[in-house]
Amino acid sequence: MTSHDRPTTDAHADHDASAGAVPASPDPGTEGAADGRKVTEAALFEAFGGVRGMVETVVPGLLFVAIYTVNKDLHVSAIAALAVSLVLGVLRLVRKDTVKHAFSGVFGVGFGVVFAMMTGNAKDFYLPGMLYTLGLSFAYILSTLAGVPLLGLILGPVFKENLSWRTRNPGRKKAYAKASWAWGLILLGKCAILFPLYWWADTTQLGWVLIALKIPPFLLAVYLTWVFLVKAPPPIDVFAEMEAKEKAEEEAEERRRAERETPARLAGDLSGDLVREPSAEPSADRPQGGRHRR
C-alpha cells in the first residue's frame, strides 16, 4: 500500500482539523433561514411600497401643512398638495413602475381637498385619511377575530400562497393573526392621538402631529410583521403547485394518447406486412413439368 492509499491517522486528522485544512460546509438550515428572510423582506417591500411609497404618502400632506402654516390659504395649500400627488403618479407611469401606492395617495389627497373645500375648514383636509385609518384598524382587528386576518389576505398573493395559509399552514395563519393584531392596535393608538387633536387643536398643530405620526408607526408595524413572518413556516407556493399539476396532467394525457395509438399502429403495421408478403412461386430447383418428359 502506498502512502497515498494509507488511511489518515488520528494525529494527522487532529493536525488538519486544528490547522483548518478542511473548511466547514455551510449549514443548509442557516441558508434556508437567510433565504426566508430575503423573501419576506422583498414581499413586504413590494406590498407596502418601500421608501418611495413612504415618500409619496408623506410629501402631499407635508406640503399642505407647510404652505398653510405660512399663508393660511386653504385653496393654495390644497391645490399644491393635489398637484404634487398627481406629479408623483405621473412619474410612476413614465417609469412604468407600480402605481398603486402613488394613486392611492392621489385619491386620498383628492378626497381631503374636496372635503375641505366643501366645508371651508382646513382641518377637514385630514379627516378622510383619519377616518380611513380608523376603519383600517377595525378591519385588522375584526378580521383577525373572525379567523381571516386581513394581513394574510393582503400578503397571500404577494407570497404566491393565496389563501393556502388558512387550512394548510396553521403556523403561518398564526403569524398573520399576530401581525394583524399589531397593525390594528398601532393604527388604533394613532387614531387615539389624532382625533382629540382634530377637535381641540388648530390646523397647523394637527397637521404637524399627523406628519410626525406618518412614518414611525408604519415602520413599527412593518418590523413586527417581518419578525412574525420570519419565524413562521415558509409559504406554500400554490402557483407552482398548479403549474406542476397542469404539467402532470399534460404528461398523463400524452401517455394515454400514446397507449391508444399503439394498438392501431401495430394493427396497421401487421396488415401492411400481410399485403407485402409475396405469393408462393415454384422453386427454381424444382423440376418443371414437361421439361424432363420424354
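A residue is called buried when its relative accessible area is under 20%, exposed when that area is over 50%, and partly exposed in between, with a 1.4 Å probe and protein chains only as cover. The structure described here is a predicted model, in which local features need pLDDT of at least 70 and side-chain atom pairs count only at pLDDT 80 or more, while totals for chains, interfaces and linings use all residues. Residues are numbered from 1 along each chain as its sequence is written, and side-chain values use heavy atoms, with hydrogens and water left out.

The protein chain holds 12 helices and zero strands; helices (H or I, at least four residues) and strands (E, at least two) are DSSP runs, numbered from the N terminus. Read from the N terminus on, the elements run α-α-α-α-α-α-α-α-α-α-α-α. Of the 294 residues in the protein chain, 32% are buried.

Rings of Phe, Tyr and Trp (its six-membered ring) pair if their centres lie within 6.5 Å; planes under 30 degrees apart count as stacked, over 60 as edge-to-face and the rest as tilted. Under this rule there are nine aromatic pairs. One of them is the stacked pair of Phe-64 and Phe-125, with 3.8 Å from centre to centre and 10° between the planes. Phe-64 belongs to helix H3 (residues 50-71), whereas Phe-125 sits in the loop between helix H5 (100-119) and helix H6 (127-145), so the pair ties together parts that are 61 residues apart in sequence. Both Phe-64 and Phe-125 are buried. A second stacked pair is made by Tyr-140 and Trp-183, at 5.8 Å centre to centre and 20° between the planes. Because Tyr-140 lies in helix H6 and Trp-183 in helix H9 (residues 170-200), this pair ties together parts that are 43 residues apart in sequence. Tyr-140 is buried, as is Trp-183. Phe-64 and Phe-125 also belong, with Tyr-68 and Tyr-126, to one aromatic cluster.

Charged side chains form a further set of contacts. Side chains of opposite charge can pair when their charged atoms come close. A salt bridge is defined as a side-chain nitrogen of Lys or Arg within 4 Å of a carboxyl oxygen of Asp or Glu, and the count by this rule is two. In one, Glu-161 is joined to Arg-172, with the closest N and O atoms 2.9 Å apart. Glu-161 is in the loop between helix H7 (150-155) and helix H8 (164-167) and Arg-172 is in helix H9, so the pair ties together parts that are 11 residues apart in sequence. Glu-161 and Arg-172 are both buried. The other salt bridge links Glu-253 and Arg-256 at 2.8 Å, N to O. These two residues lie in helix H12, three residues apart, about one turn of the helix. Glu-253 has a relative accessible area of 29% and is therefore partly exposed; Arg-256, at 41%, is partly exposed too.

Two patches mark the surface. Patches are made of residues with over 30% relative accessible area and no salt bridge, like charges being joined within 9 Å and nonpolar side chains (Val, Leu, Ile, Met, Phe, Trp, Tyr) within 5 Å. Asp-237, Glu-243, Glu-246, Glu-249, Glu-250, Glu-251 and Glu-254 make up a patch of negative charge; Lys and Arg count as positive and Asp and Glu as negative, with His and the chain ends not counted. The place of a charge is taken as NZ of Lys, CZ of Arg, CG of Asp or CD of Glu. Glu-251 is part of helix H12 (residues 238-276) and is partly exposed because its relative accessibility is 37%. A nonpolar patch is formed by Phe-138, Leu-142, Leu-145, Trp-181, Leu-185 and Leu-188, which together have about 580 Å² of accessible area, computed by the Shrake-Rupley method with a 1.4 Å probe and, for residues, only the protein chains shown as cover. H6 and H9 are the elements that give two or more residues to this nonpolar patch. Leu-145, in helix H6, counts as exposed because its relative accessibility is 61%.

Two loop residues deserve a note on backbone geometry. Lys-72, in the loop between H3 and helix H4 (74-94), has a positive phi of about 60° although it is not a glycine. Lys-160, in the loop between H7 and H8, likewise has a positive phi, near 65°, and is partly exposed with a relative accessible area of 44%.
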